[in-house]
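I opened the model and kept notes as I went. The entries follow in the order of my look-ups.

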Amino acid sequence: MMVRFISALILVSLSFNTFASETVMRTLKLMGSRYEISVVAASQAEGDRYIDLAVAEISRIEKSISSWDAASQTSEVNRNAGIAPVKVDQELFQLIERALQISKITDGAFDISYAAMDRIWTFDGSLQEMPAEEIIRQSVAKVGYENIVLNRAEQTVFLKLPGMKIGFGAIGKGYSADRAKALLMEKGVVAGMINASGDLNCWGQRLDGTPWLVGITNPMNKNRVFAWFPIENSAVVTSGDYEKFVLLKGKRYAHIIDPRTGYPASGLVSVSIFAPKAELADALATSVFVMGIEAGINLVNQLAGIECILVDDQGKVYYSKNIKKNEQEMEIAARQK
């Protein structure tokens, strides 16, 4: 299962009393996760109105893509797996289209049909030995993005195999952050931040005219930050296993499962992706975690406008070719406990 942690990113948003402007922030639970929404507005009342608009937009998206809501279009698609195509709204159809594109470029490391996987891995301390190979193999029998059939002319989605399911746990919060940001910009909000459980999207500048500042959590000590980056009109997403993992025969396995094999990813403890949109950063963070260091960085280096920082289970830092940060400084910081 692909999960994102609330503590993955720390945002510094300082307020300065300049003219009538102020930064208005609200923390609340949406889509089953913790959201922080901040806007620069003329007053508290104006800021609250803008945040209400963002909350309504995120709630609207949840009703469409939630696989837990029996009335959602996603649930209708899942109910008709192996039976018949389902006509969906253009927004959901295009979201699935984009998800399949990411599946293709990551060779299936990202796959929204992971939702059909049996939950045989636990990360609460109860798992003491590796699940049987046959059980793991069976867990991914109904997973495979190639079996998601889209008909653009009819705007339908069909899951070929009975029992298949799609879910947006590894892309939905990023998408919601993008949509909320776009709506607020359309309404004239000059600056703000949407933090969807660590899927973070910023635009504009803080009240003092400086960029929003994002700190990447140290995976070896989650109470510390090992790198800071200014962010302007872009997104950052971190995927980490430092709160949920299992040790079996001395080997560390992440809570992030490779949808192609059914086995947890290993080797990396943190992946941070910088991208123009949170949806893409969200999907790539999970994908790179599964793909590993060499394949992950090679992919990111081929994608325009995308950068990454990876930390392995020994505290060694790797980063894509255009990250503007001293490698030695980051590695020393990441190893600090």
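This is a predicted model: local features need pLDDT of at least 70, side-chain atom pairs count only at pLDDT 80 or more; totals for chains, interfaces and linings use all residues.

Residues are numbered from 1 along each chain as its sequence is written, and side-chain values use heavy atoms, with hydrogens and water left out.

**Entry: D241.** I found a polar contact of 3.0 Å between the side chains of D241 and R252. D241 sits in the loop between β11 (234-240) and β12 (245-248). Helices (H or I, at least four residues) and strands (E, at least two) are DSSP runs, numbered from the N terminus. Is D241 buried or exposed? D241 is buried, because its relative accessibility is 1%. My classes are buried under 20% relative accessible area, exposed over 50%, and partly exposed in between (1.4 Å probe, protein chains only).

**Entry: whole chain.** I counted 8 helices and 16 strands. The chain has 337 residues, and 54% of them count as buried. I then took contacts, meaning heavy atoms within 4.5 Å. Among those with a separation of 6 or more, 62% join residues 24 or more positions apart.

**Entry: S320.** S320 lies in the loop between β16 (317-319) and α8 (327-335). S320 counts as buried because its relative accessibility is 0%. Which residues touch S320, leaving aside neighbours within four places in sequence? I listed I297, V300, N301, E307 and C308.

**Entry: Y263.** I located Y263 in the loop between β13 (251-254) and β14 (268-275). Y263 counts as partly exposed, because its relative accessibility is 30%. Beyond four places in sequence, the contacts of Y263 are W121, M130, E133, I136, I257 and D258. I checked the pair Y263 and I136: they are 127 residues apart in sequence and 7.2 Å apart in space, C-alpha to C-alpha.

**Entry: lining classes.** The lining of the second largest pocket has 5 nonpolar, 3 polar and 7 charged residues. I used Ala, Val, Leu, Ile, Met, Phe, Trp, Tyr, Cys and Pro as nonpolar, Asp, Glu, Lys and Arg as charged, and the others, Gly among them, as polar. α3 (90-105), α5 (172-186) and α6 (278-291) each supply at least two lining residues.

Terms used. A polar contact is a pair of N or O atoms within 3.5 Å; within protein, one must be able to donate a hydrogen and the other to accept it, and residues adjacent in sequence count only if both atoms are side-chain atoms.
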